[in-house]
Amino acid sequence: MSDQPPHELLKERVGEVIDLRAAIALLQWDQEVNMPPKAAEARGRQLATLSAIAHERFTSADMGALVAEAASEAKTLDYDARRLVEETAHDYEKATRLPTAFVEKLAGAESAAYEAWTRARKESDFGLFKPHLAGIVELLRQKADYFGYQDSPYDALLDEYERGMTTKAVREVFAELAVEQSKLVAAIAKSSVQPDVAWIDQDYDEQAQWDFTLRVLRDMGYDFDAGRQDKSVHPFTTNFDLYDVRVTTRMDPRDPFSALTGSMHEGGHALYEQGFRPEDRRTLLAEGVSLGIHESQSRMWENMIGRSLPFWRHYHHEFVRLHAPRLDQRTPEDLYRAINRVEPSFIRVEADECTYNLHIILRFEIEVDLIEGRLRVDEVPECWNAKVKQYLGLDVPNDAKGCLQDIHWSHGAMGYFPTYALGNLYAAQLFEQIQRDLPGLWADVERGDFAPLLGWLREHVHQYGRRLLPGELIEKATGAKPTAEPYLNYLRKKYGALYGLTA
Ligand code: ZN
């Protein structure tokens with residue numbers, strides 16, 4: 001036996017698992033960014049083998065013994081060492097709760113469901129997906145039973161993505177959002193003040209879009225010596241270490257803003273991951289504490305900064321120059337209005353700030369009813385369409401534009417959607433505090449100086465990694481528990497002014 005204390009030994013062992021996970025993540029990054037199509041089968045095998053080894057190592061009896069030993073001495077450790085042991089024990093517990101046979105069954109059901117969903121969406125035929133979705137729902141109920149829960153089986157699923165969050169808490173917050181955001185969207189639709197966006201409809205040079213994303217990422221403080229940007233079909237962020245955090249984006253030749261918003265969104269995720277503490281490298285503390293907190297970082301940069309007027313006052317000249325002569329007549333206000341146009345639509349990923357949460361709320365309601373057994377799978381399309389009518393005022397023309405649009409359910413990911421809306425709420429609450437703490441924020445943004453903002457986020461959010469749970473982090477940073485008010489105030493103020501609404 002080693003004479004190292006158990007928590008040190010545990011850290012070393014988990015470090016090896018983290019190395020394996022980094023290698024897996026690198027193979028996945030390559031799959032999305034570089035890999036030739038014929039390599040898909042081999043890559044799938046390589047990933048499966050490495051994932052199995054990483055899982056076996058992390059869930060081994062040796063690891064379990066070490067976790068138990070370290071946990072028993074945790075009280076005697078300093079705060080950082082204790083939190084690391086607690087988080088490691090949490091993950092070990094989660095990873096070993098599910099019997100191997102169940103994990104295999106779920107993985108099998110998910111890959112069959114994914115195949116079926118791809119076809120169902122293409123043919124807009126819910127019937128093809130229905131039996132698979134029914135199977136997934138049944139397995140997720142079992143999964144919740146394995147994890148355990150107090151009030152709702154959905155709590156157990158939610159907790160995987162947003163630690164400590166409950167169905168009841170989400171339901172309360174979403175009920176308020178649903179009413180208030182629907183009202184706002186209806187008022188915007190009726191307003192006589194509508195932005196002129198006809199000029200957007202042109203072809204835009206991809207290189208110009210790409211160059212602009214690099215400039216903005218650099219200005220945001222993204223460290224290109226510890227990261228890089230590439231192109232991929234769906235933008236994403238991944239890291240293999242504190243000093244290797246990568247982002248991707250995509251260009252749309254008909255939309256001058258899409259590469260920018262993609263890069264700023266992923267850049268926000270990446271700044272979080274580049275902001276973990278160096279001493280936490282190769283430990284479980286150097287991770288985002290939840291998807292909601294992660295999303296608060298991406299959405300703050302994308303929406304609160306990238307869709308602000310001061311931002312466009314600063315970048316207007318450069319943006320117009322890069323796209324000359326197409327945008328020569330455009331003022332910063334024109335760009336600001338165009339990037340903030342509100343239009344209820346069927347597709348979540350294309351939704352604007354005012355309607356986005358409504359897409360999430362209807363998914364949450366359907367998921368909870370499915371998991372709690374109040375809704376049958378064959379009732380999903382009808383229920384979906386009724387909610388889209390209720391919240392967005394639209395008639396869903398087919399299931400491809402309705403309940404078949406998202407990949408999540410086919411991946412067995414229920415409880416995931418709420419984190420997107422929670423990210424919006426966290427972002428607004430943090431941003432309110434930032435504006436109190438940094439009175440010069442908008443003057444800085446108008447000069448293209450994001451260092452004070454990044455400094456605030458480093459100090460109050462990034463550096464903690466997993467030390468603080470989501471609710472604790474928000475409360476410590478803002479002095480209040482997470483609430484919907486700041487987001488609603490943000491929307492009313494911004495879009496009230498844009499659309500000439502009287503309060
Ligand atoms: Zn994101």
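Predicted model: local features only at pLDDT ≥ 70, side-chain atom pairs only at ≥ 80, totals over all residues.
## Zinc site

Three residues coordinate the zinc ion: H265 and H269, each through NE2, and E295 through OE.

With a cut-off for burial of under 20% relative accessible area, H265 counts as buried because its relative accessibility is 12%. H269, at 9% relative accessibility, likewise counts as buried.

## Three-stranded sheet

An open sheet is built from three strands in the order β1-β3-β2, with mixed pairing. The edge positions are taken by β1 (229-231) and β2 (237-241); each has a single partner strand, so one side of each lacks a neighbour in the sheet. From one strand to the next, the twist averages 25°.

The pairing of β1 with strand β3 (residues 244-249) is parallel and comprises three bridges. Within this part of the sheet, Q229 has V247 of β3 as its bridge partner.

## Helices across the sheet

Two helices are described here in relation to the strands. Helix α1, covering residues 6-33, lies across β1, β2 and β3. The direction of α1 is at about 145° to β2.

Helix α9, formed by residues 206-220, lies across β1 and β3. Relative to β1, helix α9 runs at about 155°.

## Packing of α16 and α20

Helix α16 (residues 418-437) packs with helix α20 (residues 485-498) at an angle of about 80°, and the two axes are 7 Å apart. The two helices are therefore roughly perpendicular to each other, a class that covers angles of 65 to 115 degrees.

On the α16 side, the contact is made by N424, L425, A428, Q429 and E432. Helix α20 contributes P486, Y487 and N489. By residue class, the contact between α16 and α20 contains four nonpolar, three polar and one charged residue. The nonpolar class includes Leu, Ala, Pro and Tyr, whereas Glu counts as charged.

Note on methods: Residues numbered from 1 in each chain as written. Heavy atoms only, no water. Axes fitted to C-alpha atoms, helices over the stretch in contact; angles between N-to-C directions. Helix = DSSP H or I, 4+ residues; strand = E, 2+ residues; numbered from the N terminus. Parallel < 35°, antiparallel > 145°, perpendicular 65-115°, else oblique. Contact = heavy atoms within 4.5 Å. Donors = N, O, S within 2.8 Å, 3.2 Å for Na, K, Ca; no water. Buried < 20%, exposed > 50% of the residue type's maximum accessible area, 1.4 Å probe, protein only. Pairing = 2+ DSSP bridges.
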